[in-house]
Each structure stands twice: as structure tokens, then as C-alpha cells.
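Q: Please pick one part of this model and take me through it slowly, going from a single pair of residues out to the surroundings.

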Amino acid sequence: MSFRIVKINSRCKLETRLNYLVCLTDKETKILLDEISILIIESQQVCITTALISELLNHHVRIVFCDAKHNPSSEVQPYAGSKDTYRKLKKQVDWSQENKDRAWKRIIEQKIHNQAFVMRSLGLETTLLDGYEKSVSEGDRDNREGLAAKVYFSAIFGSSFDRRNPVCEENVYLDYGYSVVLSAVNREIATLGYLPQLGIHHIGETNTFNLGCDLVEPIRPFVDFVAVQQDFQKDDFKSRMLNVLSMSVRCGTRTMLLDNAIHDYVCSAINALNEEKSELLLPIAFEDDAS
């Protein structure tokens, strides 16, 4: 399975040759395409050939482009991820609301569970979050997710923290980390042949990744954990935040790297929705979480 996250942050030309990504600067650097999971093009002074883009998509590599401020702004994904895409899309469109609500309940339970672990790792009390996790309804009609988030972010970042403040340093770190894991989730959805636009809870008309935004929720706390455990600097947080995908986590009963766990988790989520059995959705949790 591909495992390398490649970030390009300086002027160069990217092309492909003999199944390699070739980076041309004053010297030539080669990376085997089969080893790459995500290519992040941070610099706007990069020239990339269409042949390379095509080969990257054939190898199911997620290509992320950044804006002038070096923040992820867009992604490239193939139209179809499998040969039976039509059948899969028809199945996806037919997912019932009750089915989606049951899956969303399980997703939010796991998200709050992981948030509580982050709080415990900081020595914080988790009674409220534990209660919210146990009282999530189908479709989270009582908004336990929102209530938990309010308690959670105030606890780990302080009572003055505002998640909606785009210039807050912590939000800059979180947004970048969230974009990295969302990209990995979207990659798996597209590879499986499903539409990331059709979500089970997120329904934004301008959101290209509604389903990805749904499935990424239990994974966000892994980014939060990295953010609160490391002393980031403005000039190094991006490269260090990329390491989140190399965290060792548990998915179901197996321990693996987060990037690999995302594959198993997304597959299980799609299977749970297709079979209308929410219990098939694998829990994805911190490796040291004994609960």
C-alpha cells in the first residue's frame, strides 16, 4: 500500500518517467509512484505535466493544490474509482434516511469518544463528554456533537478559544491538519467508486466533499491530539502536521498507521451503509485507548 506523503514547496518541474515521479530542480529526484499516497503542491511556481497527473490518478494518488497562502485549496480526483461505478452510485443514491441516521449516530459516538481521549491525555475531566457519547440519538437530533465540541475545545484550548476565528493560530494548525485527513478520506471514497458529493449528514450544495466531511469526523481528534501535544512554529507546522497520517491507531481490532486505517474505516462505512447495518462501521480510535 502507498505510504509516502510528498510535499512540493519550491520552484520545480514535475514529470513522470518509467513509473516514477521525477522532480527537476538543480538536481533530479525520483520517487516511485506506487509509494505515494498524497502529493501536496504547496508552491505556485511548480510546473506539472498532464502525463504525470494522469499517472498519479491511475495510481490512486490524491493531488492537492495550495493557494497563494500555502493552504490547501483544491484536489484532483478521477471521475470513477472502479469499473462498476454506476451500480455503486445507484446504491449510494438509494441509501435511506433511517439508514444514514443510524450510521451518523455511530460516527458521532466515535468522534466524541476520541475527543474524550484527547481530554484525558491532558488530565482533564470527561464526565460531560462521556454522557454526551452515551446519549447520541439516530441522526444526532439533539446535537450532542455540537454540545460536546463546545465543551471540548474550551477545555483543550481555553475558554476564549473560538473555532470560527480564521486567524487564530490554533485554527490555522487544525484547518491544515483537517484538510490532510479529509484528503485521505476523499481518496478512499473515490477509489471505491462512490461520490464524495453525496453525504449522509452534510448536504452543502457547494461542498464537493459532503460524504468525506461526514466520514472524517471521528478522525479529526487525531489532528487535535497532534496540535495540543506539539509546540508548533509557523514555519514548520505543515510538515509536522503531515505526520498525523503516520500515527499508530486502532481500527476495529487491528493496530495500524492512520493512513492505512482510513482505508479500512471508509470501506467499513460504505459497507455498513450498503448493507443497512451500522454495526459494520469499524471504530477508529487511539492506540492507547483502553476503553
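A: Start with isoleucine 8, which sits across from isoleucine 41 in β5. Keep in mind that this is a predicted model, where local features need pLDDT of at least 70 and side-chain atom pairs need 80 or more, while totals for chains, interfaces and linings use all residues. Numbering runs from 1 along each chain as its sequence is written, and side-chain values use heavy atoms, leaving out hydrogens and water.

Strand β5 covers residues 36-41, and β1 pairs with it in the parallel sense over five bridges (pairing takes at least two DSSP bridges; strands are E runs of at least two residues and helices H or I runs of at least four, numbered from the N terminus). Zoom out and you get an open, four-stranded sheet with mixed pairing, in the order β1-β5-β7-β8. β1 (4-8) and β8 (72-76) are the edge strands; each has a single partner, so one side of each lacks a neighbour in the sheet. On average, neighbouring strands here are turned by 20° against each other, ignoring direction.

Definitions and conventions
Axes fitted to C-alpha atoms, helices over the stretch in contact; angles between N-to-C directions.
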